[in-house]
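Please examine the sequence and the three-dimensional structure shown below before reading the points that follow.

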Amino acid sequence: MKSRYLAVSSFLLLASLPLHAAPKSPNLATAKVIDLSYAFDGQTIYWPTSPSSFKLEKLAFGDAPAGYFYSSYAFCTPEHGGTHLDAPIHFSRTGRTADQIPLRQLIAPAAVIDVSRKAAANADYRLSIDDVRDWEKAHGTIAAGTIVLLRTGWGPRWPDRKQYLGDDTPGDASHLHFPSYGKEAAEFLVLERRAGALGVDTASIDFGPSKDFIVHQIALAAQVPGLENLARLEEVPETGAWVIALPMKIAGGSGGPLRIVAVVGD
Ligand SMILES: [Zn+2]
């Protein structure tokens with residue numbers, strides 16, 4: 001009798017824990033899938049110092065001599081532009097390359113932290129540790145492995161370079177203004193909460209004026225990749241979504257084009 005009582009009471013304890021303790025995964029058959037990637041085209045935004053941008057070269061388009069239709073293209077792109085992955089080796093000599101990141105780290109529950117109101121008042125806003133604490137007060141402790149998505153409200157500015165980056169001078173990255181993570185918040189999310197990845201709807205996991213890219217240094221040294229230039233974070237709920245973030249599998253790559261979706265159950 002006593003052991004049955006213990007079993008029942010521990011079941012009740014488990015049932016009363018916040019969802020984060022054991023995040024339910026959405027049913028893929030019925031879930032809503034939100035595309036968080038921008039298409040790659042001539043408008044795709046690259047870092048101002050990038051030597052080139054996305055190129056799509058037509059190799060064939062039309063009727064083949066044998067009678068069938070045939071089209072084919074060649075593409076060329078720097079790794080870091082558009083919706084893309086920053087692999088740990090991007091800022092860490094001992095970091096994993098794009099092809100080495102465990103897939104489980106890229107398929108995980110999401111926590112969306114919204115700072116869009118503060119960023120609207122200050123384009124150089126950085127996520128603070130108090131913002132993270134406030135989120136946890138409302139939604140529960142961020143579980144290890146969570147993919148954190150920072151919603152700054154910058155998404156609708158894409159693909160206007162001046163609006164999105166704060167400056168559109170070619171070759172000059174010294175006058176950029178856009179919001180992102182702050183150092184203490186990044187340390188807390190990466191080292192204390194053991195986040196699986198840090199994503200953002202701006203061009204960088206460091207804010208525009210950054211010169212030392214300290215958030216890149218912190219996250220990538222801990223083998224936590226960055227997910228940059230994410231689209232449509234407005235549509236992703238603060239909790240309950242799962243993220244599937246699959247980069248192009250470039251052997252030895254420091255990052256690369258990323259197809260990322262949020263999966264939201266009912
Ligand atoms: Zn990058």
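This briefing describes a predicted model, beginning with the chain as a whole and then turning to individual sites.

The protein chain contains 7 helices and 12 strands. Of its 266 residues, 44% are buried. The model also holds a zinc ion, which is coordinated by His80, His84, Asp86 and Glu228.

**The chain as a whole**

- Taken along the principal axes, the C-alpha atoms of the protein chain fill a box of roughly 80 × 50 × 35 Å.
- The accessible surface of the protein chain comes to about 13700 Å², and carbon and sulfur atoms account for 56% of that surface.
- When contacts between residues at least 6 apart in sequence are considered, 74% of them join residues at least 24 apart.

**The zinc site**

- The atoms that coordinate the zinc ion are ND1 of His80, NE2 of His84, an OD atom of Asp86 and an OE atom of Glu228, at 1.8 to 2.6 Å.
- Along the sequence, the donor residues follow the spacing H-x3-H-x1-D-x141-E.
- The angles among the 4 donor atoms run from 73 to 166 degrees, and the site of the zinc ion is irregular.
- His84 counts as buried because its relative accessibility is 2%, under the cut-off of 20%.
- Asp86 is likewise buried, with a relative accessible area of 0%.

**A nonpolar patch on the surface**

- Six side chains, those of Leu56, Phe61, Phe69, Tyr73, Phe75 and Met248, form a nonpolar patch on the surface.
- Together, the residues of this patch have about 660 Å² of accessible area.
- Strand 2 (55–63) and strand 3 (69–76) each supply at least two residues of the patch, and strand 3 gives the most, with 3 residues.
- Phe69 is located in strand 3. Its relative accessible area is 49%, so Phe69 is partly exposed.

- Helix 6 spans residues 183–192, and its buried residues are Ala185, Ala186, Phe188, Leu189 and Val190.
- Several helices and strands cover these buried residues, including helix 4 (129–139), helix 7 (214–221), strand 7 (147–151) and strand 9 (197–200).
- Strand 6 (126–127) and strand 8 are also among the elements that cover the buried residues of helix 6.

**Two glycines in loops**

- Gly171 lies in the loop that runs between helix 5 (161–165) and strand 8 (180–181).
- Leaving aside neighbours within four places in sequence, Gly171 is in contact with Pro48 and Thr49.
- Between Gly171 and Arg117 there are 31 Å from C-alpha to C-alpha, and the two residues are 54 residues apart in sequence.
- Gly252 is placed in the loop between strand 11 (242–247) and strand 12 (255–264). Its relative accessibility is 51%, and Gly252 therefore counts as exposed.
- Gly252 touches Thr97 and Asp99, when residues up to four places away in sequence are not counted.
- Although Gly252 and Thr97 are 155 residues apart along the chain, their C-alpha atoms are separated by 5.1 Å.

- Trp158 and Pro159 are joined by a cis peptide bond, with omega about 0 degrees. Pro159 is found in the loop between strand 7 and helix 5.
- Phe213 is not a glycine, yet it has a positive phi of about 50 degrees. This residue lies in the loop between strand 9 and helix 7.
- Phe213 counts as partly exposed because its relative accessibility is 23%.
- Asn229 is not a glycine either, and it has a positive phi of about 60 degrees. The loop between strand 10 (226–228) and strand 11 holds Asn229.
- The relative accessibility of Asn229 is 2%, so this residue counts as buried.

Conventions: Residues are numbered from 1 along each chain as its sequence is written. This is a predicted model: local features need pLDDT of at least 70, side-chain atom pairs count only at pLDDT 80 or more; totals for chains, interfaces and linings use all residues. Side-chain values use heavy atoms; hydrogens and water are left out. Donors are N, O and S atoms within 2.8 Å of the metal (3.2 Å for Na, K and Ca); water is not among the atoms, so sites may look incomplete. Four donors count as tetrahedral if all angles lie between 85 and 135 degrees; four count as square planar and six as octahedral if opposite donors are over 155 degrees apart and all others between 65 and 115; anything else is irregular. Buried means under 20% relative accessible area, exposed over 50%, partly exposed in between (1.4 Å probe, protein chains only). Helices (H or I, at least four residues) and strands (E, at least two) are DSSP runs, numbered from the N terminus. Contact means heavy atoms within 4.5 Å. Patches are made of residues with over 30% relative accessible area and no salt bridge: like charges are joined within 9 Å, nonpolar side chains (Val, Leu, Ile, Met, Phe, Trp, Tyr) within 5 Å. Accessible areas come from the Shrake-Rupley method with a 1.4 Å probe; for residues, only the protein chains shown count as cover. A salt bridge is a side-chain nitrogen of Lys or Arg within 4 Å of a carboxyl oxygen of Asp or Glu.
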